[in-house]
Amino acid sequence: MISVEEALEKVLSYVGVLEPERKPILDCLGQVLADDVYSTMDIPPLDNSAMDGYALRAEDTRGASESTPRYLVVVGEVAAGSMPAKEVRPGTAIRIMTGAPLPEGADAVVRFEDTDEDSRKSSRGKLSQIGILYGAKRGLNIRRRGEDIASGELILKKGKVLRPQEIGILASLGHSTALVIRRPVVAILATGDELVGVDQTLATGKIYDSNTYTIAAEVSRYGGIPRILGIGRDSVQSLNEKIGEGLDADMLITSGGVSRGDYDMVKDVLAEHGEIGFWTVCMKPGKPLAFGVIKKLEGRRGRKVPHLGLPGNPVSSMITFEQFARPAILKMIGKKILAKPCIQAVIRNDVVNTDGRRIFARVTVTHCGGQYYASVTGPQGSGILTSMAKANGLAVIPESSKVVKAGDMVEVQMLDWGEEQGGVKTTVESVPIVSIVGQSQSGKTVLMEQLIAEFKRRGYKVAALKHSRGGMEIDRPGKDSWKLAQAGSDAVCVSSPDKLALIKNLDHDLDIEEIMPIVGPEFDLVLAEGFRKSKIPKIEVHRKELGYDLLCSPEELSAVVTDESLNMGITQLSCGDTVAIADFIEKNFVLNKR
Ligand code: AMP
Ligand code: MG
């Protein structure tokens, strides 16, 4: 058996980024741009009005108010799409519509509402004079040429995933097509003598083929083009024929026929056609899984088509698709983030792991009071597809956990989140975080130091956060950063090739949710000291000699680090046993997050 990571690495090693293609922009939604896009024009192309109103010289409105209007001669009108015929001279104005080019001589636009136009409207026809009721500053309601996009600017970088807004930008630059990484064609084959197509009548003993549809929908969802080959029968000949039909695809996905039954012959057929990658992955559901490449002769040069043989059980096939086929498709279409977006959640049920495989439990994730909770969606049989329909996440129970208890933290892959959503989330949920709390003199900082050293030894990238109620002494008088702050700067950021420091004045005490985006997402573990009021998991340090009660109530705590036995029904860890404390944190908050 190989691990999920090894299996994924192998699958990914067989697929590469596909070649670019040029397509109409509207067909490029969700695809990855294959070339940098530079602007060859200014947008907007000319200074223009942001409002319906009067283009004028700001100077001419000085002192204007409702009681002291400034009267200007109206010399013309300009609508969006036409050029002004006249210029604005002192004492004159031109009626202007939103988006219309600003006339020569004008340096501000006063909106209709700030003129006396309404009271003059009864006279019909064109106005010869207008009263301005508002003293305009230069530049008022003017959109400057090139303020959105300047000519020559790099607007969209190669690698950008095109969303509706990027497609709009391409259109605004006059591009009707874009160069994007092509989508892979994924051939899909269901196998099994028991299967019947959804448009056929169902004889006794047969079942409808659902995997074809689940898989095809998944392929489309992640950017591939599904090609349905239909149903292959459990015979070498039928499978050979069907697999042959799928060989001009970029990838072949079969379902069923990879376990140990007498009729499970996909692996044998695969062996005949090419190389077999692996058979069993240490996961549940989804243990029987095959991967290989089918060699296809094309003229004298061979071509290799990666083949993923998913298990037949509908839940297994979907979960293995998510773990292996999805990242492969994302890689082929040029996406950089291949990992499924994950959160940390408190699990609401016990999950027992009997045979040391990684369990993907179907869960419903809810969010409450700054914390995610995951509830298992009833029966978890690998044939129960409704367990997937009820789920919005897959809780990942590591191979090493014999049991996960209700109340433990688990990692959950979010089924419906886009991959970018996982990438940009730098919140408390996306990085494992624990805070060490306790009375003053209880030894919080000593424990922090020991834990940091221990986690560094375990290969973690650690961030430490410290809450200091009494302000802080970081900025030494005389240093440049101090001088800049002394001069009145509200924030001083010092950046060097290997360090970054930010010293920022605040108007309130930040909570962890606000601090984490500043700290960044790249850490395996964040150890915080203090922050007693935040909702993150907390461990309290307690010492007998201080004689104090606990600072937090037992319900708020994940554990107590103590030098005496407390009878409180929460996990107790011994002061000084850094390894055990680190083990506790690792098991409960980090899991296999690294
Ligand atoms: P297999 O991996 O071929 O032994 O199949 C395992 C289980 O999944 C069997 O109960 C099959 O009937 C079921 N199964 C296989 N393929 C499909 C499919 N395309 N749609 C629905 N169920 C399937
Ligand atoms: Mg079968």
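Strands E12 (residues 185-191) and E16 run parallel and are joined by five bridges; two strands count as paired if DSSP finds at least two bridges between them. Helices (H or I, at least four residues) and strands (E, at least two) are DSSP runs numbered from the N terminus. This is a predicted model, in which local features need pLDDT of at least 70, side-chain atom pairs count only at pLDDT 80 or more, and totals for chains, interfaces and linings use all residues. Residues are numbered from 1 along each chain as its sequence is written, and side-chain values use heavy atoms, with hydrogens and water left out.

Within this pairing, Leu189 stands opposite Thr254 of E16. Five of the five residues of E16 (residues 251-255) are buried, that is, under 20% relative accessible area with a 1.4 Å probe and protein chains only. Met251, Ile253 and Ser255 point one way from the strand, Leu252 and Thr254 the other way.

Ligand 1 is surrounded by 17 residues, the closest being Glu194, Asp209, Ser210, Gly257 and Gly312; a residue is near a molecule if one of its heavy atoms lies within 4 Å of it. The shell divides into five nonpolar, nine polar and three charged residues, where Ala, Val, Leu, Ile, Met, Phe, Trp, Tyr, Cys and Pro count as nonpolar, Asp, Glu, Lys and Arg as charged, and the others, Gly among them, as polar.

An oxygen atom of ligand 1 lies 2.6 Å from an N or O atom in the Glu194 side chain. A nitrogen atom of the ligand is 3.0 Å from a polar backbone atom of Ser210. E12 and strand E14 (207-208) are the elements that give two or more residues to the shell around ligand 1.

Methods
Chains are lettered from A and ligands numbered from 1 in the order in which they are written. Buried means under 20% relative accessible area, exposed over 50%, partly exposed in between (1.4 Å probe, protein chains only). A polar contact is a pair of N or O atoms within 3.5 Å; within protein, one must be able to donate a hydrogen and the other to accept it, and residues adjacent in sequence count only if both atoms are side-chain atoms.
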